[in-house]
Structure formats: structure tokens, C-alpha cells
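Dear colleague,

I am passing on to you the structure below, together with some notes on it. Please read them with the coordinates open beside you.

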Number of protein chains: 2
Amino acid sequence: MSNVLFDRIALIGIGLIGSSIARDIKKHGLAGEVVISSRSADTLKRAQELELGDRYVSSAADAVKGADLVVVSVPVGASAAVAAEIAGSLKQGAIVTDVGSTKASVIAQMQPHMPDYVHFIPGHPIAGTERSGPDAGFSGLFSGRWCILTPLEGTDPAALQALKDFWMALGSKIDEMDPLHHDKVLAIVSHLPQIIAYNIVGTADDLETVTESEVIKYSASGFRDFTRLAASDPTMWRDVCLHNKDAILEMLARFSEDLAYLQRAIRWGEGDKLFELFTRTRAIRRLIIEAGQDVDTPDFGRHLRDEKK
Amino acid sequence: MSNVLFDRIALIGIGLIGSSIARDIKKHGLAGEVVISSRSADTLKRAQELELGDRYVSSAADAVKGADLVVVSVPVGASAAVAAEIAGSLKQGAIVTDVGSTKASVIAQMQPHMPDYVHFIPGHPIAGTERSGPDAGFSGLFSGRWCILTPLEGTDPAALQALKDFWMALGSKIDEMDPLHHDKVLAIVSHLPQIIAYNIVGTADDLETVTESEVIKYSASGFRDFTRLAASDPTMWRDVCLHNKDAILEMLARFSEDLAYLQRAIRWGEGDKLFELFTRTRAIRRLIIEAGQDVDTPDFGRHLRDEKK
């Protein structure tokens, strides 16, 4: 029995996300043919060396010709340019989707270019690591993770179902959401943590009284958790900040307000307020583990990995 | 050949740190006898069930009688009370140390009580997990991690060396530091990350526009990294905040200043400033991995653990 869901899939962009999708398509035999395109010649060459697809073309317009599914996996700031480039070459009835971390901006950038004979269905798989590039991807990245689709009004139900089937074949669980609500949810669960992580690592790096080598030596006491996020792709995250500005600024304002409250409690020695917050936050951790969204091992199981060495 | 470093060791407090020390002492045969004391009857009973020591006594004063090494592993706010309780029962020439996350405050609390015939040498092993209690400890917690000692002026070199030998037998690397400098270093590498983690989890929990269940479902996109720290022992961290106030407030002020700069860059669409910071922070991550202070696996190796299930 064949697992083929699409005769031809075009992957525009082949970084962490694109190359993980490519690996899963290959592993599960979901496409008759996979065509890969990247703006970077080096990246495209590397994708070929890794045998991630069947054909490799530098032009995104060429890549999408005859494709039944087009997955755009580029930094969100490049969405408009990609949409403009591929628009004229899209096959009638093709499904065009993306994996961008912001949805309202991607829709505003891509939708005006989309011909009315294709199905444009924005999406966002909630999965990733701090690594980037085609070597960083791996099969199974999306397994057990959520993929949020933000279909526009009047989306063809059959096309939507076909896209859902694709993500489910990669092991994802599917949610549908309004684009603006998606952007607000992601601002708190993803964009704010990322910005905070970048910021604290920057603050530590700038200190005169504590040396960089001290920060590194003693990072096991908490700091290192933040550096994982702060090692993520700078281009991707610059674009996210610029393209989900309103929701991010709202979350930053709330975060700063709460931090001022905490700071004041520390200054005035209000132990009860500190204890109340520090207790409440434990419950959230338990719920995340119960929901299968993190591993239930202390320290992320770091010491277990250490022992194996 | 015997590995015994001390004829009798008294462990005051048997939580994550105390019980990990106990397990290592037993594993490596570092003591003739281990006496364990805890203020909580339940904890003491549990320590006995786990066979962490040789004798179990509810009174810290009784526990330290005849002990050559006394390790105090209690929330830093309890240091003065413990010091007052044990002072009159300490053996001549005993080494008294602690594992507290703040050093100036612990010294101020304990030193006035210490008789001049004991060696009081404050210490702080830079190791731990988000779990707490005697069941949370494990042998090897300190292996490859730094232990900072902050000896006071005039400390006996032989006693200092004996304490170093003890921590090295647990696999630790030793540093010596001035107590105030220790408190500043830890404020940035440990206390600030911890407070920020608590704060962001609190902010997320308080949102009206995004539900708790959404925060949990999509936490894999960054948020969950912070929840690990925010699951730590509330009593311990309340005490740290109250007992390293000045250094923490200084770091919080710098952090907030940097965050305001970042926030302004987002508001005004200054992509270059964002890109510069997001690039600089990557380097720190690399250095931490090179220094052996974190595992070199994407996503802390979470997906590898997932696959094993």
C-alpha cells in the first residue's frame, strides 16, 4: 500500500524545519517526487549531499512548477518575496502552506500574490531546536507536537483536510486558530521567552564586575537553560520580532510590570509574595509534563547523558 | 585501601543537595559514620528508609556531636538558627561548612555563633536540579561541577585542604572566591535566571487572552525551558531573594534597562540592533558547551529521550 499523499511536493527553504519535513516525507514515502529550492547555493548543495529530495533547483518559481503541495519554510520577513516569485508558476489546485512563527504578517505578505486557483493555507508547526540549517533537521521533529493551521475564510475543506493529513503523517496533532489569536498565543509561549533569553544572555555578557569566563564556568546554576534559546537562528528571530510587533510589545509590557512587582517585593523583603508566586509556577511545570510537552527527567536528563559519556 | 576522609560526618538538612552528598559519601566510602539530621520528621524518616546514613537524629545539636565534618544544607534563611543550635555541641577542630547559594548572608548569620576552636569554611556547590527533597538527590550530582569555597581570613590551610579533598572526592572542581564576589557572580548566573523564569511563568499564567491550556499545549516553542527552573523549591528561592538582595536588585536593574532597549528596537523596527544581539548571544552558548557545562545535543536531547519511550 502506498503512503503517497502528493505526487509532487516543493520545499522552498531547507533549514531546520524544511529539512526535517523532507526527511519525514522520505521516511514515510509521502510524495512521488520532492523538489527542493533554496536561495543559498551552499544550502542547496548541502541538501543534495544529504539526499533530502529528488531534484534541487535554485529558482523557487521553477521548484513549484507542477507541485501539488508547496511548503514555504523561510524566515517570515522573506514571505512576500517568495510569494511574488512563485505566484505565476503555481499549478492549478496546488496547496500552498508555510511554517512561519507569525501568521497575520505572513498572510498579509503572501495572500495578495496568491492566484485564486490555488489553496493558500497558512500553518505553523510548534517544534524546533536551537540549531539551524539543513544538517540540523531530523526525522521525528514534529512527532507528538502541535501544528497550528490558520485557514482563511472560504478555504476549501478538501484542501484543508489534505494538509491536515500531511501533518498527521508527520506525527503532528492539528489545531485550527484565528491568525491574530495564534500571534498572541505564540507571543507568550515562544516569542517572549526567546527575547528574554537573548536579553539575559546579553546582560550577563556586558557585566564589568563578573567575567565572561565566570558566567560560563558557573552557568550550570540556571543561566545555561537560557543560552539554549539564545543560540537560535538570529535571522529567523529578528524577523519574528519585526513581524509580530504588537503582540510582542503587549507581552513585554505585562512581563515588565510583573517583574517590577517582584523587584519591589525583593527590595522590601516581602517573602510571602515571593513564596506565593514561586509555588504557583510549579503547577504549570507539572501540567506541561502531564501534557507530554516535556521530558519528566530532572535537569532535562542532562546528568544521565553526562554519565553515558 | 580506605577512602575514609572523616571518621564522622554530620549532615544537617537532607534535601536534594544533602542527600546527594550522602549518596556520594556512601558510594565512595568517605566517612566512618554518617549522622543525618532534619528539622522535618517526615524527611528524616524518608532519609532512613533510603538508607542515606548510619544514624538519624532530630536534633542538629545531637547530630554534630563528635563529628569531624559538619555540612549544613538548609535554606539560607535558616542558617542562623542552625548555627545557634549546633554551636555548643561542635567538636574541637571540626570543620563546619554549608552549601548555601548566598555567601555574605550565610557568613553574617553563622560566623558569630562559631566557637574559635572549629573551622568554619563557607561553600557552595554549583549543581542541582529543579527537584527537591531526599528522594531527588543522586550520586554524581557534583561530578564535573564547580564548588566555590569562600574561606574567611585566617582560615587554617590544613582544614581548607581537607574540605577541598572532600569535594574533589565527590568529583567537583574547586574555586575560591571572596564572598561578596560570589554573591555577585551567582546573582547573574543563577538568581536572575531563576527570578526571570518565575516571572515569565507567572505572566503567562495571568493572561486573559491566552488560556492556560494553550500555554501548556504550545510550550515546546520555548516556554517550557523556563518552567524547569520555575519548578524549583519555593522556600529555597524565597530565601535566596531575601538574602542576596543588593546583588539581585543590581542585576535586575541592568536586565530591565537592556530589555527596555530591546523593546524600543522592536517598536521602531530596528532589525540591525536585534540581529547584532541575537548573533552575539550564540557565542556564549558555544563556550558553555566547550567548557563541558551543558550537553551538546539539540533541545537538551529531549527528542532522543522521547524516542526511547
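Into which domains is chain A divided? Chain A falls into domain 1 (6-177) and domain 2 (181-308), the bounds being those of an automatic or database domain assignment. Before going further, please note that this is a predicted model, in which local features need pLDDT of at least 70 and side-chain atom pairs count only at pLDDT 80 or more, whereas totals for chains, interfaces and linings use all residues. Residues are numbered from 1 along each chain as its sequence is written, while chains are lettered from A, and ligands numbered from 1, in the order in which they are written.

The two domains of chain A have centres, taken over C-alpha atoms, that are 30 Å apart. Between them, 15 residues of domain 1 of chain A are in contact with 18 residues of domain 2 of chain A, contact meaning that the C-beta atoms of two residues, placed from the backbone, lie within 7 Å. On the domain 1 side of this contact in chain A there are five nonpolar, eight polar and two charged residues; here Ala, Val, Leu, Ile, Met, Phe, Trp, Tyr, Cys and Pro count as nonpolar, Asp, Glu, Lys and Arg as charged, and the others, Gly among them, as polar.

As to the chain as a whole, chain A has 13 helices and nine strands, these being DSSP runs numbered from the N terminus, with helices (H or I) of at least four residues and strands (E) of at least two. The radius of gyration of chain A, 21 Å, is close to the 19 Å that the globule rule gives for 309 residues, so chain A is as compact as a globular protein of that length; the radius is taken over C-alpha atoms, and the rule is 2.2 Å times the number of residues to the power 0.38. The C-alpha trace of chain A spans about 65 × 45 × 40 Å along its principal axes. Of the 309 residues in chain A, 56% are buried, that is, they have 20 or more other C-beta atoms within 10 Å of their own C-beta atom, placed from the backbone (exposed: 12 or fewer; partly exposed: in between).

Turning to the pair of chains, a rotation of 180° with 0.0 Å of shift along its axis superposes chain B on chain A with an RMSD of 0.0 Å, by least squares on the C-alpha atoms of residues with pLDDT of at least 70 in both copies. That is the relation of a two-fold axis. The same surface serves both copies, in that 100% of the contact residues of chain B recur in chain A.

In this interface, 97 residues of chain B are in contact with 97 residues of chain A. Helix H7 (179-206) of chain B is among the helices that each supply at least two residues to that side, and H7(B) gives the most, with 19 residues. By class, the side of chain B that touches chain A holds 50 nonpolar, 23 polar and 24 charged residues.

The largest nonpolar core has 192 residues, and those with the most contacts inside it are A:Ile12, A:Val70, B:Ile12 and B:Val70; such a core is a set of buried Ala, Val, Leu, Ile, Met, Phe, Trp, Tyr and Cys residues joined through C-beta atoms within 7 Å. Leaving aside residues up to four places away in sequence, B:Val70 touches several residues, including B:Ile12, B:Ile86 and B:Leu90.

Lastly, A:Asp299, a residue other than glycine, has a positive phi near 60°, and its place is in the loop between helix H12 (271-290) and helix H13 (302-308) of chain A.

With regards
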